[in-house]
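Here are my notes on this structure, for someone opening it for the first time. They are numbered so that you can follow them beside the viewer.

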Amino acid sequence: MATENASWQLEEFVDSLVVELDKTRETLAVKAINKPLSYTVKDLALDLNIFPSYDGDQIKFITAQPGQQGASKVTIQLGSITDQQVRATTKTPGAKNDIKLDAIDLDKVTKKKLRKLGVSSVDDLRQIEQKNVDLQQISDDAVDYQKLAKQIQKARRGEKPPKVDTVALSVDQDDRPYLLIRGRNLAIHPEFDPVAVVNQTLAEVMSRSDTEVKIQLTEAHQLIDKNEVILTLDPFAVMKVNVKI
Amino acid sequence: MIDEAFMPFAKIIERMLTLEGPLVDDEAGVRLYVSACEIESPVELDVVREEDGSLRIGSTPPLYYVDTSIRPSFHRLSFTATLVRDSDGD
């Protein structure tokens, strides 16, 4: 007798079934190389005896086992589908830099609410925004849009962390010293002004770009052999650099 | 792990689809082949969750054919297998 069946959600059961069916098709395709007659599987259906359960959040099913009476019946039908139908019923794959909701640090309630609304990635959210839909309203205020936008920015920043290649001491046209930080993904958000602190004293950021940041130095910064530079590039990227002179 | 009495779902379909052919009778001058086949069968299922969280479906045709005090739960599998024809129609 088999071990106790695991409970499942319809989506994951169908996913597993499709994976198995794909394996069958692959095997049959290999067989077709040497066999004069080969067959392909179409229109598979599975009538399942199941017991549904609801935990207040999700409906799960468990397949009936020997000796269990009174099960409900679910029929899963996997029909053949043409490439035209696939195009008509499948969402266009997300862009390369699309971020899945799972990768964003969101509370469970928001994630669940978004999933119920069919939102699974940042790209989905963008499309909803373009159609001028008020997510906050249709989710009964469960989705805090401002908070969500910040978390998305944070996740995006996490995928493009700042990287420092070189730090150099230099002087400008007026002979005033400045620190030149070169790297990648530095000040990538034009709406944020970076803030620099050198040796625990605020310093002026002269210019910034995604590859270069110039920090004005004055006597107040009291440069010594080892200097600590803390640079806040945006709300989600703070870095500390130790500069030896 | 799926119970050893069961096999992955893909295998059960493959094994049901062992159609050989064509059938040839030289004397009668007849040559037959199966162009499509509909299979419907009761199956037992073993649905397990692997350590990585994925769901695996194990299946087997009925294991016993005798009436027992504990009756197995027979689910029903049905599918159609059709002949794959070459692009030239052979």
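1. Start with contacts in chain B. Among those between residues at least 6 apart in sequence, 58% join residues at least 24 apart. For chain A, the share counted in this way is 49%. Keep in mind that this is a predicted model.

2. Next, the make-up of the chains. Chain B has one helix and six strands. From the N terminus on, its elements follow the order β-α-β-β-β-β-β. Of its 90 residues, 22% count as buried. Chain A has six helices and 11 strands. Of the 245 residues of chain A, 18% count as buried.

3. Now the interface. How many residues of chain A are in contact with chain B? There are 34 of them, and they meet 35 residues of chain B. Helix 1 (10-34) and strand 1 (38-54) of chain A each supply at least two residues of the chain A side. Strand 1 of chain A gives the largest share, 12 residues. By class, the chain A side has 16 nonpolar, 12 polar and six charged residues.

4. Strand pairing also crosses from one chain to the other. Strand 1 of chain A and strand 6 (residues 75-84) of chain B run antiparallel and are joined by eight bridges. To find the pairing in the viewer, look for Thr40(A), which stands opposite Thr82(B). As background, strands of a sheet pair through backbone hydrogen bonds, either parallel or antiparallel.

5. Look at the helix of chain B. Which residues of helix 1 (residues 9-16) of chain B are buried? They are Phe9(B), Ala10(B), Ile12(B) and Ile13(B). These residues cover an arc of only 165 degrees around the axis, so they sit on the same side of helix 1 of chain B. The general rule is that an α-helix has 3.6 residues a turn, so residues three or four places apart point the same way.

6. What do those buried residues of helix 1 of chain B pack against? In chain A, the partners are helix 1 and strand 1. In chain B, they are strand 1 (7-8), strand 4 (36-49), strand 5 (55-60) and strand 6. Take Ile13(B) as a case. Leaving aside neighbours within four places in sequence, Ile13(B) is in contact with Thr24(A), Val41(A) and Phe79(B).

7. In soluble globular proteins, nonpolar side chains tend to be buried together.

8. Chain A also has an open sheet of four strands. Their order is 7-6-10-11, and the pairing is antiparallel. The edge strands are strand 7 (201-203) and strand 11 (237-244) of chain A, each of which pairs on one side only. From one strand to the next, the twist averages 25 degrees.

9. Follow strand 6 (residues 195-198) of chain A through this sheet. With strand 7 of chain A, strand 6 pairs in the antiparallel sense over three bridges. Val197(A) stands opposite Leu202(A), and Val198(A) has Thr201(A) as its bridge partner. Strands 6 and 7 of chain A form a hairpin with two residues between them. One residue in the turn, Asn199(A), has a positive phi of about 45 degrees. Strand 6 of chain A is also joined to strand 10 (residues 226-234) of chain A by four bridges, again antiparallel. Here Ala196(A) stands opposite Leu231(A).

10. Last, the faces of strand 6 of chain A. Which of its residues are buried? Ala196(A) and Val198(A) are buried and point to one face.

Methods:
Residues are numbered from 1 along each chain as its sequence is written. Chains are lettered from A and ligands numbered from 1 in the order in which they are written. This is a predicted model: local features need pLDDT of at least 70, side-chain atom pairs count only at pLDDT 80 or more; totals for chains, interfaces and linings use all residues. Two residues are in contact if their C-beta atoms, placed from the backbone, lie within 7 Å. Ala, Val, Leu, Ile, Met, Phe, Trp, Tyr, Cys and Pro count as nonpolar, Asp, Glu, Lys and Arg as charged, and the others, Gly among them, as polar. Two strands pair if DSSP finds at least two bridges between them. Axes are lines fitted to C-alpha atoms, for helices over the stretch in contact, and angles run from 0 to 180 degrees between N-to-C directions. A residue is buried if 20 or more other C-beta atoms lie within 10 Å of its own, exposed if 12 or fewer, and partly exposed in between; C-beta atoms are placed from the backbone. The arc is that of the directions from the helix axis to the C-beta atoms.
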